[in-house]
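Subject: Structure for you to look at

Hello,

Here is the structure I promised to pass on. Please open it alongside this note. My findings follow below.

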Amino acid sequence: MAENFQLKLDNELARITTEGRRPRLLLHVCCAPCSSYVLEYLSRYFDITALFYNPNISPKSEYDYRAQELCRLAVEMPLSSPIACRIEEYDPAAFLAVSKGLEQEPEGGERCTACYRLRLTQTAQIAAKDGYDYFTTTLSISPLKDAVRLNTIGGELAEEYGVPYLYSDFKKREGYKRSIQLSAEYSLYRQDYCGCAFSKAEAEKRKREKN
């Protein structure tokens, strides 16, 4: 039977609410559209820092624009508590290193798994160093992202770095649909590829075939 990550999140949020505390959450963010629903949802329970660390994104202009859109959303969107943005320096070499030998993998394959681990490892390291109570990622909101793989990696890193991982599957309860609504409401830039050069090439191929 598949694990219900939404139920795990519900239980954790109920426990936090019962304890009457507001933990600090380091939230890895892939882009503003994906973060919109997650910020709306979790800002009721946590003091959130939105971490933009995505060395897979190509080119740098795309990285900078997505980071800019995240910071704009954090300012413009009325949330239950203010959101801090932390934008990491662009480091494409980190992604190239973990994707070496996996260049021919299809989207959603082992190259993506390595990319998930790269970004979540950086998040876990920062969370441990800076004393956060939890860490997690917005990535599971996408219908194209494997929540089982993401949560498995998150759980492993929680053990390694000693910071609890907030298990989640944000696409549940129409989270993805809500993110589309919020994206339209705030006129957010919605990219048509995940971020890396491989996903961009695949998106362009789909466009050609459609035309």
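Predicted model: local features only at pLDDT ≥ 70, side-chain atom pairs only at ≥ 80, totals over all residues.

I start with a helix pair. Helix α5 (residues 110-129) packs against α6 at an angle of about 35°. Their axes are 9 Å apart. The crossing of α5 past α6 is right-handed. On the α5 side, the residues that meet α6 include Tyr-116, Leu-120 and Ala-124.

Next, helix α1. This helix covers residues 5-19, 15 residues in total. From first C-alpha to last, α1 reaches 21 Å, close to the 21 Å expected at 1.5 Å a residue. An α-helix has 3.6 residues a turn, so residues three or four places apart point the same way.

Now the ends of α1. Asn-4 caps the N-terminal end, with a side-chain oxygen 3.1 Å from the backbone nitrogen of Gln-6. Gly-20 follows α1 and has a positive phi, near 65°.

Last, a cysteine. Cys-31 sits in the loop between β1 (24-28) and α2. Is Cys-31 buried or exposed? Its relative accessible area is 3%, under the 20% cut-off, so Cys-31 counts as buried. Leaving out residues up to four places away in sequence, Cys-31 touches Arg-66 and Gln-191. Glu-159 is 128 residues from Cys-31 in sequence and 27 Å away in space, C-alpha to C-alpha.

Best wishes

How values were computed:
Residues numbered from 1 in each chain as written. Heavy atoms only, no water. Helix = DSSP H or I, 4+ residues; strand = E, 2+ residues; numbered from the N terminus. Expected span 1.5 Å × (residues − 1). Polar contact = N/O pair within 3.5 Å; in protein donor to acceptor, adjacent residues only side chain to side chain. Axes fitted to C-alpha atoms, helices over the stretch in contact; angles between N-to-C directions. Left-handed = near helix turned anticlockwise from the far one by under 90°. Contact = heavy atoms within 4.5 Å. Buried < 20%, exposed > 50% of the residue type's maximum accessible area, 1.4 Å probe, protein only.
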